[in-house]
Amino acid sequence: MNSIADIWQVVLEKLRGTLSDTTIHTWFDEVASVDLQDKTFVIVCPSKFKRDMISSRYAPQIQAALRDIFSDDIAVRLVSGEEKEAVSKPVSLFERDDFTFDTFVVGESNKLAHAAARAVADGASAHYNPLFIYGDSGLGKTHLIYAISHQFRKRLPDAKIIYIKGDDFLNEFISLVRSNRGDEFRAKYRDADLLLVDDVQFVAGKEQSQNEFFHTFNTLYENGRQIVLTSDRLPSEMTLLDDRLRTRFEWGLMVDVQAPDYETRVAIVKNKANQRGFVIDDKSADYIARNVTANVRQIEGVVNMINAHRELNKKNMSDEEIENIVREAVQKNNEAIPTPDAIIAEVARFFGYDESFIRGPARSRQVVNARNIAMYLIRNITGLSTIEIGKIFGRDHSTAVHSLDQVDAKIKSDPSFSQQIKDITLNINYKR
């Protein structure tokens, strides 16, 4: 992403995962993003009416999409067209200092990944191409690739840097090919000095897109351009990844980021508080670090809550109040179960179908297989009854039961199918 407009397009793609096309067209067709500063994303609406409606109905979803992109809380400011002049011009992501090496907390869990990223950004090692960073969601992979781009830009101000998420690469490719603009797509990516692909696991499974990515990779690699990839798993664990791509992903250096240990969590707590302009005492930092252990993103959420309380109430929080925030954050994290709509959307994306095919009456063998898998995953992930699952797909209880039985039987008899179910489940959980 090289501009604010690019970020807004990614936000819209994420909104399409939960909102209907009619909703998107009604409320967002004439909406544009114009600025990102001081952790505030500014959106211009064509009228005060639309501004107020989007603010009341969809602002939380926009914020959730921005958090997914930046692994940080980004405020949303909605303005009407007549208020636009009061908003300053857009700033480049690469000019921000939120996601740099200086703000990245290094510990035992990520020091190799940090060192490798630093070497790539400084141009110190041509052997780390591609650099493949893997690990669970919320552990700092996106922070590292933004830090690489920030440092790369400082070193080479005129460099062409492209950042994109794997599923957005896929969607953009499909969109441009359908409109006979494939050459435009190729020119954009094959001319990059630095290509950063976040969540590259989402490229797997689509033959035409993988083929395009393969040729893009080769062109950049042969021209000595740097490639950085992140994923939630190793290339060897991406069962639908083309063997040619798997081999190339393993050419350079593969490094992992793991959940931070206690000492690193304490440092992260203090660092995040310092970035927000306040100090957390040792006792509170210790309590947070001992109880919030899932990932960096969850720690950031706790620090943000403490900071918001400080600013709203003009006072520091008591130990009891901090403990309440920690308990709430841990509970919320454990209860964050993907919705049926999110599961259907990922199954549709995985198999390359429109969601309407999976929800609708189509009876081709491939669509029925995808529909059965969606039902199975909804049952296993959300715990909904077969009656409720049947209603989601406009079918009765017995149809849902039959679908679940079919998937269960195939998992036991077909190892490749079983692995496919695991891959889709990983993708769904990664997007939580």
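Predicted model: local features only at pLDDT ≥ 70, side-chain atom pairs only at ≥ 80, totals over all residues.
View 1. Since aspartate 282 belongs to helix H12 (residues 282-291) and lysine 270 to helix H11 (residues 262-275), the pair ties together parts that are 12 residues apart in sequence. Lysine 270, with a relative accessibility of 29%, counts as partly exposed.

View 2. Is glutamate 300 buried or exposed? Glutamate 300 has a relative accessible area of 4% and is therefore buried, the limit for this class being under 20%. Lysine 272 is buried as well.

**View 3. Arginine 233 and aspartate 423, a salt bridge between distant parts of the chain.** The search of the whole structure finds 20 salt bridges, and one of them joins the side chains of arginine 233 and aspartate 423, with an N to O distance of 3.6 Å. Arginine 233 sits in the loop between strand E7 (226-231) and helix H10 (243-249), whereas aspartate 423 is part of helix H20, and 190 residues separate the two. Both of these residues are buried. A network of salt bridges is also present in the model, and the residues that it links are Asp183, Arg186, Arg190 and Glu212.

**View 4. The second largest cavity and its lining.** Helix H15 (340-351) and helix H20 (415-430) each supply at least two of the lining residues. Sorted by class, the lining of the second largest cavity consists of 4 nonpolar, 3 polar and 3 charged residues.

View 5. The volume of the second largest pocket is about 260 Å³. Of the 14 residues in its lining, those closest to the centre are Ala126, Asn129, Gly224, Arg225 and Gln226. The elements that contribute two or more residues to this lining are helix H5 (111-121) and helix H6 (141-155). By class, the residues of the lining of the second largest pocket are 6 nonpolar, 5 polar and 3 charged. Alanine 126 is placed in the loop between H5 and strand E4 (131-134), and with a relative accessible area of 73% this alanine is exposed. Although alanine 126 and glycine 224 are 98 residues apart in sequence, their C-alpha atoms are 8.3 Å apart in space.

**View 6. Strand E6 between its two partners.** Strand E6 (residues 194-198) is mostly covered, as 5 of its 5 residues are buried. In a regular strand, the side chains alternate between the two faces of the sheet. On one side of E6 lie Leu194, Leu196 and Asp198, on the other Leu195 and Val197, and all of them are buried, so that both faces are covered. Strand E5 (residues 161-165) runs parallel to E6 and is joined to it by 5 bridges, with lysine 165 opposite aspartate 198 of E6. E6 also pairs in the parallel sense with E7, over 4 bridges, and here leucine 196 stands opposite valine 228 of E7.

**View 7. Strands E2 and E3, a parallel pair.** Strand E2 (residues 40-45) is mostly covered, with 5 of its 6 residues buried. How many bridges pair E2 with strand E3 (residues 75-80)? The two strands pair in the parallel sense over 6 bridges, and cysteine 45 has serine 80 in E3 as its bridge partner.

Technical notes: Residues numbered from 1 in each chain as written. Heavy atoms only, no water. 1 Å grid on protein atoms, 1.4 Å probe; cavity = no way out; pocket = protein on both sides within 12 Å on 5 of 7 lines; lining within 4 Å. Points joined across faces, edges and corners; volume = space filled by probe spheres on them. Nonpolar A, V, L, I, M, F, W, Y, C, P; charged D, E, K, R; others polar. Buried < 20%, exposed > 50% of the residue type's maximum accessible area, 1.4 Å probe, protein only. Pairing = 2+ DSSP bridges. Salt bridge = Lys/Arg side-chain N within 4 Å of Asp/Glu carboxyl O.
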